[in-house]
Amino acid sequence: MNWRHKCLLDLDDWTREELSLFLEQANYMEELLNRPIKKVPALRGKMIVNFFFEPSTRTRVSFELAEKMLSADVVNWSASGSSVSKGETLRDTAWTLESMGADAVVMRHGAVGAADYLARKLRKASVFNAGDGTHGHPTQALLDLHSAWKKLGSLEGAKMVIVGDVLHSRVARSDIKAFSKMGVKIVLSGPATLMPRDITCLGAEYEPDPKVAVKDSHMVYLLRIQQERQRQGLIPSLDEYHVRYGATEDLLKFARPDALVMHPGPINRRVEIASEIADGNQSIILDQVRSGVAVRMALLYLCVGGGK
Ligand code: CP
């Protein structure tokens with residue numbers, strides 16, 4: 001199969017076959033990462049700009065590591081200290097970077113559609129969405145899929161429960177697209193105040209009680225509670241949220257005994273997840289982080305390196 005995607009804005013137009021091929025490619029990259037000499041010359045001579053308007057640890061660092069493992073030249077740009085503070089627009093900033101020779105731009109931005117806008121404005125460079133507002137976080141979904149697939153094998157017929165602030169979650173939106181394409185049944189759970197109005201549009205069911213939702217689930221995926229939302233009165237208190245919706249030993253008794261516990265990070269201990277669960281046997285949170293580098297290597301190799 002020839003790889004047809006130059007950019008990754010979200011996963012709407014990826015087929016199941018492309019996702020499967022991608023997972024195999026990410027496995028190959030993971031094997032490279034386990035070798036004593038990890039670096040390969042696949043992107044030698046390519047310049048990649050990491051263009052972050054919002055804070056990030058996992059996404060920014062793993063993209064940078066992936067770019068360096070593939071021998072790309074890497075430029076890390078952040079809004080603070082740049083000419084954005086003098087009023088330069090996103091489009092002019094991106095054109096400036098492209099004129100300096102950027103072959104690809106990895107962007108995180110607070111505005112929904114920012115990556116799509118950039119892809120339409122840039123003349124040649126690939127664009128990778130590292131999170132745009134509440135819209136999408138497709139590389140997070142790919143690494144989630146990769147880490148679950150490695151543990152469970154075929155995901156066809158598996159059940160995933162996503163618990164928490166779906167309303168504001170770009171991760172949930174991209175995960176629903178990725179996992180449902182692979183045949184996973186998705187159930188959303190959490191307070192109704194943290195759910196989008198029309199959940200069925202997302203292609204998922206809703207069960208408000210997480211103890212009911214997690215029954216027979218293979219994956220329990222906790223979303224970060226954005227603590228600033230608490231001030232908007234969407235949840236009564238963080239303590240009450242933890243008791244009613246947090247991943248605790250009590251909640252996991254209702255899931256399959258081997259259910260995987262997942263979280264995109266950063267985690268709020270004692271809010272959406274108890275420490276004994278985050279650090280427990282069922283947690284694959286750090287496997288997700290490890291998959292992040294291999295997945296981003298695979299993406300850059302296929303889209304920028306002309307991989308087959
Ligand atoms: N999961 C995730 O996007 O984490 P960062 O915000 O640290 O990149």
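The side chains of Glu-30 and Lys-150 meet in a salt bridge, with an N to O distance of 2.9 Å. The model in which this pair occurs is a predicted one. Across the interface of domain 1 and domain 2 the rule finds three salt bridges, together with 10 residue pairs in polar contact, both residues of each pair being at pLDDT 80 or more. The elements that give two or more residues to the side of domain 1 that touches domain 2 are helix 1 (16-33), strand 3 (104-109), strand 4 (126-132) and helix 12 (285-303). Of these, helix 1 provides the largest share of that side, with nine residues.

### The interface of the domains

According to the domain assignment, domain 1 is made up of residues 16-137 + 289-303, whereas domain 2 covers residues 140-283. Their C-alpha centres lie 26 Å apart, and 24 residues of domain 1 are in contact with 24 residues of domain 2. Between them the two domains bury about 2100 Å², with 58% of this area on carbon and sulfur atoms. On the side of domain 1, the residues that lose the most area to domain 2 are Arg-16, Leu-23 and His-137, which together account for 32% of what that side buries.

| Sheet | Strand order | Pairing |
|---|---|---|
| Open sheet of four strands | 2-1-3-4 | parallel |
| Open sheet of five strands | 7-6-5-8-9 | parallel |

Helix 5 (residues 138-152) lies across strand 8 and strand 9, running at about 165° to strand 9.

The sheet with the order 2-1-3-4 is an open one of four strands, and its edge strands are strand 2 (73-78) and strand 4, each of which pairs on one side only. From one strand to the next, the twist of this sheet averages 15°. Strand 1 (residues 47-52) pairs with strand 2 in the parallel sense over six bridges, and the bridge partner of Asn-50 is Asn-76 in strand 2. Helix 2 (residues 58-69) lies across strand 1, strand 2, strand 3 and strand 4, running at about 175° to strand 1.

### A further salt bridge and local backbone features

A search of the whole structure finds 18 salt bridges. One of them is formed by the side chains of Glu-18 and Arg-4, with an N to O distance of 2.5 Å. This pair links distant parts of the chain, since Glu-18 belongs to helix 1 and Arg-4 to the segment before helix 1, 14 residues apart.

Most residues other than glycine have a negative phi, and most peptide bonds are trans. Where does the backbone of this model depart from a negative phi? Asp-216 has a positive phi of about 65° although it is not a glycine, and this residue is found in the loop between helix 7 (210-213) and strand 8.

Terms used. Residues are numbered from 1 along each chain as its sequence is written. This is a predicted model: local features need pLDDT of at least 70, side-chain atom pairs count only at pLDDT 80 or more; totals for chains, interfaces and linings use all residues. Side-chain values use heavy atoms; hydrogens and water are left out. Two strands pair if DSSP finds at least two bridges between them. Contact means heavy atoms within 4.5 Å. Axes are lines fitted to C-alpha atoms, for helices over the stretch in contact, and angles run from 0 to 180 degrees between N-to-C directions. Domain bounds come from an automatic or database domain assignment. Buried area is the accessible area (1.4 Å probe) that two parts lose on being put together, summed over both. A salt bridge is a side-chain nitrogen of Lys or Arg within 4 Å of a carboxyl oxygen of Asp or Glu. A polar contact is a pair of N or O atoms within 3.5 Å; within protein, one must be able to donate a hydrogen and the other to accept it, and residues adjacent in sequence count only if both atoms are side-chain atoms.
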